[in-house]
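I open this notebook to record what I looked up in the structure shown below.

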Amino acid sequence: MSRISKIELDDSGLPPPTPEIEQERRVAMFDLLEDNTFILPARDGRPMPQGPYHVALAIRDKRLVFDVTTENDEKAAEFHLSLGPFRQVVKDYFHICESYFEAVKKLPPSQIETIDMARRGIHNEGSRVLQERLEGKAEVDTDTARRLFTLICVLHFGG
């Protein structure tokens, strides 16, 4: 039962996302809830409450906040991550996504595929950074990290 069963984004106060960003958000949330791994390791010798977990993501005071509760609304964990390590990869990801969205409208499939490969590479880098930042706080597999990175980008979009 080490998984996320509900995910929420606190995007209050952010401008409305573009249709492309909203689509990325919907797909990431759907895929995340369909299949994910989210394990809270024991801390200070104390076991953590068992999942499934509800995770609320927010950006507060220039920090990424994971607020984790159990399905019974019991506080499981809360951790705050510096946004600094994410800034460049998020910027690169948005830049390549813009290129991709434009390419889909007018370029041949071979050029779209090249841009998409670059986009996947940057996305993988973002998920790697997230896994490093979560070390000791939560264990996530690569696919879960990729989907969470997409949601972090959605929060960055308005910030």
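**Entry 1: the core**

I looked up the largest nonpolar core and found 46 residues in it, with Phe38, Leu40, Phe66 and Val68 having the most contacts inside it. I took a nonpolar core to be a set of buried Ala, Val, Leu, Ile, Met, Phe, Trp, Tyr and Cys residues joined through side-chain atoms within 4.5 Å. Buried stands for under 20% relative accessible area, exposed for over 50%, and partly exposed for what is in between (1.4 Å probe, protein chains only).

I then noted which elements supply at least two residues each of this core: strand 1 (4-10), helix 1 (19-34), strand 3 (53-60), strand 4 (63-70), strand 5 (75-82), helix 2 (84-106), helix 3 (109-133) and helix 4 (142-158). Helix 2 gives the largest share of this core, 9 residues. Helices (H or I, at least four residues) and strands (E, at least two) are DSSP runs, numbered from the N terminus.

On the source, I record that this is a predicted model, in which local features need pLDDT of at least 70 and side-chain atom pairs count only at pLDDT 80 or more, while totals for chains, interfaces and linings use all residues. Residues are numbered from 1 along each chain as its sequence is written, and side-chain values use heavy atoms, with hydrogens and water left out.

**Entry 2: Phe38 and Val140**

I listed the contacts of Phe38 (contact means heavy atoms within 4.5 Å). Not counting residues up to four places away in sequence, Phe38 touches Ser2, Arg3, Ile4, Tyr53, Val55, Val68, Phe79, Ala138, Glu139 and Val140.

I followed this list to Val140, which lies in strand 6. Val140 is buried, with a relative accessible area of 12%. With the same exclusion of residues up to four places away in sequence, Val140 touches Thr37, Phe38, Gln131, Leu134, Ala145 and Leu148. I also checked Val140 against Asp10: they are 130 residues apart in sequence, and their C-alpha atoms are 21 Å apart in space.

**Entry 3: helix 2 against helix 3**

Two packed helices are described by the angle between their axes and the distance between the axes. I found that the axes of helix 2 and helix 3 come within 9 Å and cross at roughly 160°. Helix 2 is therefore roughly antiparallel to helix 3. Axes are lines fitted to C-alpha atoms, for helices over the stretch in contact, and angles run from 0 to 180 degrees between N-to-C directions. Angles under 35 degrees count as roughly parallel, over 145 as roughly antiparallel, 65 to 115 as roughly perpendicular and the rest as oblique.

Which residues of helix 2 meet helix 3? On the side of helix 2 I noted, among them, Pro85, Phe86, Val89, Tyr93, Ile96 and Val104. On the side of helix 3 the list includes Ile112, Ile115, Ile122, Val129, Leu130 and Arg133. The residues of this contact divide into 16 nonpolar, 3 polar and 5 charged. Here Ala, Val, Leu, Ile, Met, Phe, Trp, Tyr, Cys and Pro count as nonpolar, Asp, Glu, Lys and Arg as charged, and the others, Gly among them, as polar.

Is Val90 buried or exposed? Val90, in helix 2, counts as buried at 4% relative accessibility. Leaving out residues up to four places away in sequence, Val90 touches Phe149, Cys153 and His156. Lys91 also has its place in helix 2, but Lys91 counts as exposed at 57% relative accessibility.

**Entry 4: the loops**

I looked at Asp61 and found it in the loop between strand 3 and strand 4. Its phi is near 50°, a positive value in a residue other than glycine. Asp61 is exposed, with a relative accessible area of 75%. Lys62 is placed in the loop between strand 3 and strand 4 and has a positive phi of about 60°, although it is not a glycine. At 67% relative accessibility, Lys62 counts as exposed.

I noted a cis peptide bond joining Gly51 and Pro52, with omega about 10°. Pro52 lies in the loop between strand 2 (38-39) and strand 3.

Finally, I found Gly136 in the loop between helix 3 and strand 6 (139-140). Leaving aside neighbours within four places in sequence, Gly136 is in contact with Pro41 and Arg43. Gly136 and Leu40 are 96 residues apart in sequence and 8.4 Å apart in space, C-alpha to C-alpha.
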